[in-house]
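Here's a quick tour for anyone meeting this structure for the first time. Have a look at it, then read on.

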Amino acid sequence: MTFDGFETLAIHAGQEADTETGAVVVPIYQTSTYAQDGVGGLRGGYEYSRTANPTRKALEECLAALESGARGLAFASGMAAEDTLLRTVAGPGDHVIIPGDAYGGTFRLFSKVLERWGVAWEAVPQTDPEAVRAAIRPETVAIWTETPTNPLLNITDIEALAGIAHDAGALFVVDNTFASPYLQRPLALGADVVVHSTTKYLGGHSDVVGGALVVADPELGERLAFHQNTMGAVAGPFDAWLALRGAKTLGVRMDRHCANAERVAEALLHHPGVSEVIYPGLAEHPGHKVAARQMRAFGGMLSFRLRDGEKAALRVCERTQVFTLGESLGGVESLIEHPARMTHASTAGSPLEVPGDLVRLSVGIESGDDLVADLLAALD
Ligand SMILES: Cc1ncc(COP(=O)(O)O)c(C=O)c1O
């Protein structure tokens, strides 16, 4: 008999009880090195913690199971995971397609770091898969997507883009940070690599910065593990442990994030000061049908625009009491932010610039009544 339900894997995959002590929780192996029984006589296969560490390994195995992948790799941050991936699969002369509204940090990695290193890139709106196909060049080595996107919550069709990437012999990468593996499993829909900022829903408690890659192909997993060790931006043992502890409750937390976000979306829809509510769960969202097909539910992220422009958006951000004004997302506590001046400030003046009247919410798992009341009071 196999026990492979999502919540069971989240609690048990990679997390056998300790054989010596019976400890049910994987310990924090806060060690840099390991004693050897004679030269090369490794007791548990470990020699140095940049290369491998038992706590990090438990997290990596758990993430691989949650994403139905062949191998997981844990990093010091989502950006470290992205950088390691891109410098493994792309080099000078290569070309990568990214979303027209990519996460600001991803955009900055391409525009300020990889471009100088000779990697060409192009930001293409990906809600129309044919626009992505048209942007492919002979030197395109990867198509990078995010869905839902940050902060505009655009939805891209994972299966369609996987087909387009593979027709062109390119790797298809999905940043699954916003959905989490509980809501969406890109590898099962044809993606080659899943990227996570484990800082967000996987960690879930705003107490750790981390990143991960999960791949379908073990050979690519080996190449990435080589670069992970060579470049060295690994998750430390305590950070890996926090992310692993967060992952255990991902399913129940996501159910509540989604339920609260749906309630908030409904409440904002009827507010006269709000010109648009952007949430993939709403039937009028242009990506609703695709989201309903590829996601279990519609997530805890929601953006909205203010009829009275940027000043009104800034005012709401500064007036909420339960929603904390702050960057990041995916934690149990609700957060509010102004993307144009905060998380996406680096996109100013670029084609990826976000509107000033936009407010982004990371809807937490507090009482839904309190969250709605807080927003309505801030909007008055
Ligand atoms: C969609 C997305 N990808 C990647 C990252 C980068 O992750 P980190 O902040 O852990 O480096 C973020 C951070 O906000 C994000 O929102």
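This is a predicted model: local features need pLDDT of at least 70, side-chain atom pairs count only at pLDDT 80 or more; totals for chains, interfaces and linings use all residues.

Residues are numbered from 1 along each chain as its sequence is written, and side-chain values use heavy atoms, leaving out hydrogens and water.

**Helix 8**

- Helix 8 runs over residues 218–231; helices are DSSP runs of H or I with at least four residues, numbered from the N terminus.
- Its buried residues (under 20% relative accessible area, 1.4 Å probe, protein chains only) are Leu220, Gly221, Leu224, Ala225 and Gln228.
- They sit on the same side of helix 8 because they cover an arc of only 140° around the axis, taken from the directions from the helix axis to the C-beta atoms.
- Over on the other side, Phe226 and Thr230 are exposed, meaning over 50%.
- At the start of helix 8, a side-chain oxygen of aspartate 217 comes within 3.0 Å of the backbone nitrogen of glutamate 219.

**The ligand**

- The ligand is surrounded by 13 residues, each with a heavy atom within 4 Å of it; Gly78, Asp175, Ser197, Thr199 and Lys200 are the closest.
- Helix 3 gives the most to this shell, with three residues.
- A polar side-chain atom of threonine 199 lies 2.7 Å from a ligand oxygen atom.

Methods. Helices (H or I, at least four residues) and strands (E, at least two) are DSSP runs, numbered from the N terminus. The expected span of a helix is 1.5 Å times one less than its number of residues. A polar contact is a pair of N or O atoms within 3.5 Å; within protein, one must be able to donate a hydrogen and the other to accept it, and residues adjacent in sequence count only if both atoms are side-chain atoms.
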